[in-house]
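Here is a short briefing on one protein model. Keep the sequence and the 3D view open while reading.

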Amino acid sequence: MVAGTNVNWGIVTDGTAVTLVDAGYPNDADALLASLAAVGRHPGDVVAVLLTHAHLDHMGGARALVDRYRTPVLTGAEEARHARREYLDQISPGQMLRECGRWAGLRWVAATVRAVVPHARMALADVGAVEPGVALDVPGGLVAVPTPGHTRGHTAYLMPSAGVLFSGDTLVTGHPTSRVGSGPQKLPTVFNEDERGVTAAIRGLRELPADTLVPGHGGLLRAPVAAVVDEALRRTP
Ligand SMILES: [Zn+2]
């Protein structure tokens with residue numbers, strides 16, 4: 001797991017080949033390439049970028065790989081429509097401000113607006129759809145787990161061989177605007193397209209064979225996923 005600008009991405013290696021899970025903000029592109037170099041890989045080694053969802057903080061850095069290396073980008077079928085910007089499931093800066101209304105929120109909004117505004121119209125035209133529930137033919141053999149709620153097509157990824165769950169923004173362990181501090185939690189309601197959907201999606205992760213959580217925001221967590229789910233739903237019902 002690599003921490004970018006208030007957001008994480010994952011690097012899965014198999015020999016020299018790499019799967020990326022998410023790609024950070026557009027402004028994280030240099031950090032994304034540096035993170036590959038740090039594990040001895042070249043951007044051309046990336047076989048696929050798997051997106052949990054098509055918000056700019058998760059797909060922005062993929063543009064650098066797509067443009068220079070024609071790296072395939074994959075996500076759930078519904079989320080591929082979102083990546084193409086057939087619609088946009090995202091709150092406005094004004095909504096964020098009203099909802100946050102605190103210094104932590106204000107600081108986060110300012111940083112986010114700076115990172116997002118120059119790229120607000122970014123879309124990825126050529127995004128493929130993953131088949132849920134089967135090992136994908138990518139390094140790590142990740143399995144797509146539909147988790148609609150944060151966005152309509154949000155998709156988590158399970159790496160069964162290592163017991164790792166990439167939970168994206170369905171289940172996180174912190175966020176600059178969190179009101180409950182760090183630890184397993186839902187993102188604040190304002191970020192979620194369908195709040196009840198997020199709750200159901202988190203519950204659906206409970207039985208997965210995973211004991212390492214790589215969330216979209218917050219620190220990596222090593223604990224049985226059932227316990228992580230229960231704690232998240234207790235702290236942020
Ligand atoms: Zn996010």
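In E2, Asn8 is the bridge partner of Ala3. Helix H1 packs on the sheet there and touches E1, E2, E3 and E4. The direction of H1 makes about 30° with that of E2. The model is predicted.

- Six strands make up an open sheet, in the order E1-E2-E3-E4-E5-E6. Its pairing is mixed.
- Strand E1 (2-3) and strand E6 (127-129) are the edge strands. Each of them pairs on one side only.
- E1 and strand E2 (residues 8-14) run antiparallel and are joined by two bridges.
- E2 and E3 also run antiparallel. Five bridges join them.
- Val12 stands opposite Thr19, a residue of E3.

**The two hairpins**

- The hairpin of E1 and E2 has four residues between its strands.
- Is Asn6 buried, partly exposed or exposed? Asn6 counts as partly exposed because its relative accessibility is 39%, between the cut-offs of 20% and 50%.
- The hairpin of E2 and E3 has two residues between the strands. Here Gly15 takes a positive phi near 65°.

- Asp22 lies in the loop between E3 and H1.
- Phi of Asp22 is positive, near 70°, and the residue is not a glycine.
- Asp22 is buried, at a relative accessible area of 2%.

**Helix H3**

- H3 spans residues 62-69, and Ala62, Ala64 and Leu65 are buried in it.
- How are these buried residues arranged around the axis of H3? They fall within an arc of 160°, so they line one face of the helix.
- An α-helix has 3.6 residues a turn, so residues three or four places apart point the same way.
- Several elements cover the buried residues of H3. Among them are three strands: E3 (17-21), E4 (46-50) and E5 (73-75). Helix H1 (29-38) and helix H2 (56-59) are also included.
- Arg70 follows H3. Its phi is positive, near 50°.

**The zinc site**

- Which residues supply the protein donors of the zinc ion? They are Asp57 (OD), His58 (NE2), Asp169 (OD) and His217 (NE2).
- These donors lie 2.0 to 2.5 Å from the zinc ion.
- The donor residues are spaced D-H-x110-D-x47-H in sequence.
- Asp169 lies in the loop between strand E9 (164-168) and helix H7 (195-204). His217 lies in the loop between strand E10 (212-215) and strand E11 (221-222). The pair therefore ties together parts that are 48 residues apart in sequence.
- Why is the arrangement irregular? The four donor atoms subtend angles of 90 to 165° around the zinc ion, which makes it so. A tetrahedral label needs all angles between 85 and 135 degrees.
- For reference, the ideal angle for four tetrahedral donors at a metal is 109.5 degrees.
- Asp169 is buried, with a relative accessible area of 2%.
- His217 is buried too, with a relative accessible area of 4%.

- Asp89 is found in the loop between helix H4 (77-83) and helix H5 (93-100).
- Asp89 is buried, at 4% relative accessible area.
- Which residues does Asp89 contact, leaving aside neighbours within four places in sequence? They are His55, His82, Thr151, Arg152 and Glu193.
- Pro209 has its place in the loop between H7 and E10.
- Pro209 counts as exposed because its relative accessibility is 53%, and the cut-off is over 50%.
- Residues up to four places away in sequence aside, Pro209 touches Leu158 and Gly163.

Methods:
Residues numbered from 1 in each chain as written. Predicted model: local features only at pLDDT ≥ 70, side-chain atom pairs only at ≥ 80, totals over all residues. Heavy atoms only, no water. Donors = N, O, S within 2.8 Å, 3.2 Å for Na, K, Ca; no water. Tetrahedral: all angles 85-135°; square planar, octahedral: opposite > 155°, others 65-115°. Buried < 20%, exposed > 50% of the residue type's maximum accessible area, 1.4 Å probe, protein only. Arc of directions from axis to C-beta. Contact = heavy atoms within 4.5 Å. Pairing = 2+ DSSP bridges. Axes fitted to C-alpha atoms, helices over the stretch in contact; angles between N-to-C directions.
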